[in-house]
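Please open the structure in your viewer and keep the selection tool at hand.

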Amino acid sequence: MRLIRSSVIGAAVVGLTVAVTPAPASAAPTARCYPGMACVYYNSNQAGAVAAMGHVDGMPSWDFGYVFDPGTGNGAGLIVKNNAASADSRYITQAVRVHYNSYYKGPYDVVAAQSKRNLSVTYNNNASWNYHPNPS
Amino acid sequence: MNSMHRHRLAGISAALAAGVLAVTGCSAGDSATGGTGTRVAPALEPAYAAAKIRTLPIEEYVLSSAEYVKIMKARVRLDARCMSDFGFTAFASPDVPQADPRDSFTADRYGVEDAVQAAQYGYHPSPAVRAFAEAAPEPSLPADQELVLTGLAAERSGTTALRAAPRSFKGKAIPAGGCVGQSTRHLTGGSDELYPDLPQDINAQSYFKAKEDPRVRDVFAAWSTCMKDKGFTYSDPMQANDDPRFALPTASPAEIATATADVACKISTDLVGVWFRTEAEIQESLIGAKQTKLAPMKETKQAALVNASTVLAGN
């Protein structure tokens, strides 16, 4: 299923006046991630290069076989697998889990909807990701 | 997406051998709905409904999948009220799919355990799991709703030079973290975190410590010998799971043969049972050492569940 969200991003600015500094909640995600998606980062605290955890055809999430977005900081262009240090989620209600092993196996870190965190068990050991919870 | 966990979570025989907790049912209050959900978990097949799930001690401090769903269903209702205060009277946050009661925090932690799944898909997910994983779960929101709901501009910033978002909408101040932040704090009694770091850090420590424990190393060695006798050379089962040769769209005959041998050797060596019991013991010790910090986290979790029940009851 092809992602169609990116088309919204360009249009999103319309109607918004940028004013003073934002007041995010302490655990809130960063504005670096795509709305309606979760992201991983090459460095801790949502620093360094960013990559989305949102599905694109031909990019199965069971092996993180894609690269950090070009031009987004330290680690850009490197493979995401086993290279992520932190994550955040701009999903509204859906959480994601980052797994230690391929094919959604092994222990996992939960990244709840609208949150950010440094990865724990999957710190530089992120092999796959999936939605959380999983229905049957 | 039918049947995914039927295969993923099975491990029936090994789980029974481990002799641990039975399946905890979905919370009764979960039938209340919020938002406009379209994904519904199907009824369990009897054989799998009877399966057991291993429960690690740390799960007491972490929201289960079913609990997360309950919290989200309540939060969605609070979101709607908050959004209505900003003029979005028909707003509904996307619903989350109902959780499978067997979808534990430790699901698939020790790799494939089910011979049927191994024979069909090797280490790969079943087509049903795959279909779910490849679905886009939520629709995008209009920019003004995104702002009020989350406190963030819908426009993303790829670099670390973050763009500032407005702090008010039509003259009304947006709560920290938007309506989501406000709803979450309402449920937790002030915390923005549903999954605090410490329990997840303990989850990590126990995993790494268990792999170094002599009992686990011994059972890995026994498993490795069993695999060698069948013609496969791996030091531990997750190394087989992650073999780069298997990184193909679907399982090759070699992968299926490996996974099938893996499951047989896990059963004959009680690998998962030993691994799980060792890790559970390690976790108990880690949890005991952090009780001062963990106890309030458990209280917050329980309070959030009680508050969610109140919201879902319509009060």
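How many helices and strands are there in chain B? Select chain B: there are 14 helices and two strands, where helices (H or I, at least four residues) and strands (E, at least two) are DSSP runs numbered from the N terminus. This is a predicted model, in which local features need pLDDT of at least 70, side-chain atom pairs count only at pLDDT 80 or more, and totals for chains, interfaces and linings use all residues. Residues are numbered from 1 along each chain as its sequence is written, chains are lettered from A and ligands numbered from 1 in the order in which they are written, and side-chain values use heavy atoms, with hydrogens and water left out.

Chain B has 315 residues, of which 54% count as buried (under 20% relative accessible area, 1.4 Å probe, protein chains only).

Next, select helix H9 (residues 197-212) and helix H10 (residues 214-229) of chain B. Their axes, lines fitted to C-alpha atoms over the stretch in contact, lie 5 Å apart at an angle of about 60°. In H9(B), Ala210(B), Lys211(B) and Glu212(B) meet Pro214(B), Val216(B), Arg217(B) and Phe220(B) of H10(B), contact meaning heavy atoms within 4.5 Å.

Finally, select strand S6 (residues 115-118) of chain A. Ser115(A) and Arg117(A) form its covered face, whereas Lys116(A) and Asn118(A) form the uncovered one. Arg117(A) in S6(A) is the bridge partner of Ala87(A).

Terms used. Buried means under 20% relative accessible area, exposed over 50%, partly exposed in between (1.4 Å probe, protein chains only). Two strands pair if DSSP finds at least two bridges between them. Axes are lines fitted to C-alpha atoms, for helices over the stretch in contact, and angles run from 0 to 180 degrees between N-to-C directions.
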